[in-house]
Amino acid sequence: MQPILRAARVKTHTVSAFKGIWRAGRAPEGYFADAVNLTSAQYPALSTRAQRRVINDCAGVTAMYSHDRMLWLDGTALYYGDDEVGALTAGEKQFASMGANVVIYPDKKLLNTRTLSLTSLDNLVTVTGASASASHADGSAASATSYAKLAAAGIGAGFRAGDAVRISGFTSEELNGTFILQTVSDDFVVILALAGEGETAAGEVTLSREAPDLDFICAYGNRVWGVSNAAHTVYACKLGDPTNWNAFEGISTDSYAAVVPSPGAFTGMSAYLGSVMLFKEEEIVKLFGTKPSNFQLVSSQMPGVEKGGARSLAFSDSTLFYKGVNGIYAYDGATPVCISRALGDARFQNARAGALDGRYYVSMRELPANTHALWVYDTQTGTWQKEAAEPVRFFAGTGSDLYFACENGFIHSIRGSGLWYDPAKVIATRLCLQETGFAWSAETGPVSLDMPERQHLTRLNLRYRLESGFLKVWARLETDDAWRLLYQTSAACAEKTVSMPAPPGRSSSFYLKIEGSGACAVTALSESYEAGSDV
């Protein structure tokens with residue numbers, strides 16, 4: 001009687017949903033231990049990111065802000081689209097928009113985007129020989145009134161009726177202090193004060209309208225808001241008027257200032273879900289209300305923005321994302337949730353972020369390796385990807401595209417929009433280049449074979465499409481140190497399945513690496529294996 005030969009048990013497993021990077025221990029099915037220059041845009045397929053446009057010679061561009069047109073600073077020259085509108089100090093800026101107006105800090109400037117006029121939030125006038133006399137509200141002569149007319153050549157230059165102005169230099173203390181200007185002309189102003197029998201100042205008289213020094217700003221409710229770490233105070237400008245921060249008349253349009261009682265430095269600021277949000281590292285302070293009489297500060301102990309991480313704040317799909325001390329957080333108005341557990345135990349610093357198409361892009365330096373990468377979180381799939389990029393200085397979103405400026409002087413556009421101005425109108429040496437042929441790769445962690453015995457991997461199948469460039473597939477068994485090349489091609493194809501012989505030998509798991517250059521998508525991966533002995 002002939003012995004009965006039993007067929008080896010063969011098992012096949014297929015992965016058709018690729019879920020990004022997972023570095024927090026053993027990667028679950030569909031995840032990769034590492035990957036670069038891939039995207040979830042064609043999820044569940046694994047595909048290469050879109051080609052960027054790259055603009056060179058941009059080291060002098062230190063700030064960009066999208067309004068109706070791009071507002072950007074090149075050296076000290078400020079441009080609105082193609083128009084040069086004035087000069088600022090060089091360096092990073094903060095912007096807040098109120099309709100056609102854009103407030104710029106720390107320079108304390110105001111750009112009117114309709115008239116293209118750049119003016120100062122502050123105004124200072126010093127005159128000599130100023131006189132004070134009783135008058136009507138319009139400045140006409142009167143006696144025994146509550147209005148005082150202050151007159152001198154140029155005393156009203158740069159001021160408007162309604163401005164809150166600090167006045168000093170008069171002998172009478174009733175004329176020194178902060179007043180609301182009732183009427184303004186070049187050579188006189190009218191304030192609510194008792195002028196007595198009249199007075200002529202022997203020395204200089206100073207009138208000043210001052211905006212506070214602010215560390216962070218945002219716009220909400222037709223006001224510009226800001227916080228100062230030096231004063232530990234939150235401020236709001238007068239309703240609809242970002243030039244006035246000291247108008248306190250007891251009315252609904254007043255300016256606002258309040259000391260925040262809790263200790264700790266402010267680390268960021270944003271307007272979100274009907275409130276102004278002030279961030280510290282372990283605290284979020286919300287400011288509710290519609291007018292100064294009912295403004296209210298509410299503090300909650302919860303993960304806030306990491307010190308130095310203010311530029312990581314970005315909105316995507318109605319959620320606010322930011323870098324906290326222990327990772328990247330998503331905040332929907334309730335409790336911040338850490339979404340970066342998949343990135344493992346590495347520490348990250350120097351976060352800069354922007355958002356586009358439901359994705360949160362954040363550039364960070366990883367410690368202790370001291371390497372930089374552009375990490376991408378997909379809000380729809382909850383997956384992380386990584387793109388190669390130099391350290392990023394800032395992001396600027398336009399709604400249809402996202403720009404990021406790198407420390408090496410290049411600016412990239414995610415969707416390939418290129419230059420944000422007409423090069424025929426702005427004379428510059430920079431060039432806009434189309435990115436081509438970038439390298440990409442994905443590497444798995446140990447892929448376990450399901451049987452309890454040691455198994456023999458027999459075959460790997462890969463389904464892919466390749467538009468350009470090349471594709472290589474590598475594998476190694478857990479018992480091996482060297483990678484074995486299983487497949488390579490540079491032939492473009494619409495969709496193709498390739499069957500590859502596996503590395504010889506028995507193992508309980510194996511590793512797989514896919515790499516290439518050009519546009520490619522992997523739609524399915526399967527492995528076939530059979531049981532071996534227990535040894």
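A salt bridge is a side-chain nitrogen of Lys or Arg within 4 Å of a carboxyl oxygen of Asp or Glu. I started my notebook with that rule, and by it I count 22 salt bridges here.

A note before going on: this is a predicted model, where local features need pLDDT of at least 70, side-chain atom pairs count only at pLDDT 80 or more, and totals for chains, interfaces and linings use all residues. Residues are numbered from 1 along each chain as its sequence is written, and side-chain values use heavy atoms, with hydrogens and water left out.

**Lysine 323 and glutamate 306.** I found their side chains joined in a salt bridge at 3.1 Å, N to O. Lysine 323 lies in strand E32 (residues 319-324) and glutamate 306 in the loop between strand E30 (296-300) and E31, so the pair ties together parts 17 residues apart in sequence. Strands (E, at least two residues) are DSSP runs, numbered from the N terminus. Both lysine 323 and glutamate 306 are buried (under 20% relative accessible area, with exposed over 50% and partly exposed in between; 1.4 Å probe, protein chains only).

**Lysine 108 and aspartate 213.** Next I looked up this salt bridge, whose closest N and O atoms are 2.6 Å apart. The partners sit 105 residues apart and link distant parts of the chain. Lysine 108 is buried at 12% relative accessibility, whereas aspartate 213 is exposed at 56%.

**A network.** I also noted that salt bridges link Arg49, Arg52, Glu387 and Glu435.

**Serine 316.** My last stop was in strand E31 (residues 314-316). Serine 316 is buried, with a relative accessible area of 5%.

Methods:
Helix = DSSP H or I, 4+ residues; strand = E, 2+ residues; numbered from the N terminus.
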